[in-house]
Amino acid sequence: MKRYKVLPIVCAAMIYTGCSGILPAAQETAVIQEEPAAEPAEESEEPVYEGNILSNSIGYETEAQKLVIFRGDHQTETFEVVDCKTEETVYRGTILEKEYNLKSEEFTAYGDFSKVSEAGEYYIKAEDYGVSRPFVISDTQYSELLDQQISYFQKQSGREEDADAAIKAADIMLAYTYFKSQYTEEDAEEMPVILQEAQKELQELLASKKTSGVKTATLAMAVNLFSPYDQEFSTECQTRAEEDFSALKEEQIVDEMYWAAAELYKLTGKSEYAAVIDYYLERKEPRGFGKTAVGYYGTLAYLTTTYRTDVDQCTKLMEQLFDDAIDIVEQSSADGYKISHDDPYQEDDAELLLQNARLLTLMNVISKSKDYVLGVENHLDYLCGRNPFEICYFNEENQIYQTESYIFILSGLKDSYESEEVKE
């Protein structure tokens, strides 16, 4: 992916901000050209899954990128996509870029079967590698995954950690802010279901006696979104956010404080919040889009305020967002499992990968690029089983699914395939 030179161009029309930024031209990712096939598979013994062919075990959207990972030092150069119902081979492809993967201490390669777009259930097979687990291809895959998690949130009950409730509420509010048309109700005066779920998380925060920058920021983020539907609740969120921020001011200025100050400045325009932002940005570069680091949330709030901002700061922050997103795309392209990761893969890396996917989703809102969409899909596929541990993190029994939210990235993927910008 090419590096983009940043110019002082106002990007308000893109992300509703008074700051300057630059929007790169959309980049196209090459599609592997393979010839589809429709031949019956040769009769053989029932294939046995051995963990050498890894796919998104949940399934793929019909028009989405579809990659499969091959593990092991085998000489086979081709693979087949087989229809589970008919046992017919519907596609043959080439196994590409077999290299030794230091991060997983094995040989890995990949295959691209994106041309298979007919809905159904399939599996992958390749001589010496064996077969993959069955998976589906569906034109409603992202919608179904989105509905599945919203339904899970609706059934959840009981106290959560403040950080979990805050990040889940923030993720839902981002989804509603940037993909509002997906959640528009027939009765415009009634609070959308998606905001009702965010409100449930926010009420958890209001009930908590603890103070934190993440909690303060999320409450401030909610004020304008909820004011058309529940003014009393909106006012309570603002009052609590401002009170909690005052209690936090004696603490070290960290990225949580930056996010909180940015949300409150976006809400009120008060100079005391601007001063905290300036102090932080003079000393640190904000990064992170999850519980472990929240700098990008603060940057997004600062870039989208209608109050006065520092043009040089805005340009620098916008450059950083683009540079970080481009790094994720480039690292993913070179990685054996097609994700952005500097260190050996770990089973508990799911949160980091969700953060990467959130940033790429946001960047696709700012500047439509197929590279961003493909990057999100690669990270989602990894989280849905295409990883060296063969774990599906999109599962109600998995802790990351219980405490995190995929709603923003799934809303972004759903929106992308309803938009002409990313279609061939």
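1. Apart from neighbours within four places in sequence, Asp-83 is in contact (heavy atoms within 4.5 Å) with Glu-88, Val-90, Glu-121 and Tyr-122. The model is predicted, so local features need pLDDT of at least 70 and side-chain atom pairs count only at pLDDT 80 or more, while totals for chains, interfaces and linings use all residues. Residues are numbered from 1 along each chain as its sequence is written, and side-chain values use heavy atoms, with hydrogens and water left out.

2. Asp-83 belongs to strand β7, residues 78-83; strands are DSSP runs of E with at least two residues, and helices are runs of H or I with at least four, numbered from the N terminus. Asp-83 counts as buried because its relative accessibility is 17%, the limit being under 20% with a 1.4 Å probe and protein chains only.

3. Between the C-alpha atoms of Asp-83 and Tyr-122 the separation is 4.6 Å, although these residues are 39 apart along the chain. The Asp-83 side chain also reaches the backbone nitrogen of Thr-86 at 3.2 Å.

4. The whole structure holds 2 cavities of 30 Å³ or more. A cavity is a set of points on a 1 Å grid over the protein atoms alone where a 1.4 Å probe fits but cannot get out, and lining residues have an atom within 4 Å of a point. Volume is the space filled by probe spheres set on the points, which are joined across faces, edges and corners.

5. The largest cavity has a volume of about 70 Å³. Of its 13 lining residues, Thr-361, Asn-364, Val-373, Gly-412 and Ser-416 lie nearest the centre.

6. The second largest cavity has a volume of about 40 Å³. Strand β5 gives the most to its lining, with 3 residues.

Key. Buried means under 20% relative accessible area, exposed over 50%, partly exposed in between (1.4 Å probe, protein chains only). A polar contact is a pair of N or O atoms within 3.5 Å; within protein, one must be able to donate a hydrogen and the other to accept it, and residues adjacent in sequence count only if both atoms are side-chain atoms. On a 1 Å grid over the protein atoms alone, a cavity is a set of points where a 1.4 Å probe fits but cannot get out, and a pocket is an open set with protein on both sides within 12 Å along at least five of seven lines; lining residues have an atom within 4 Å of a point.
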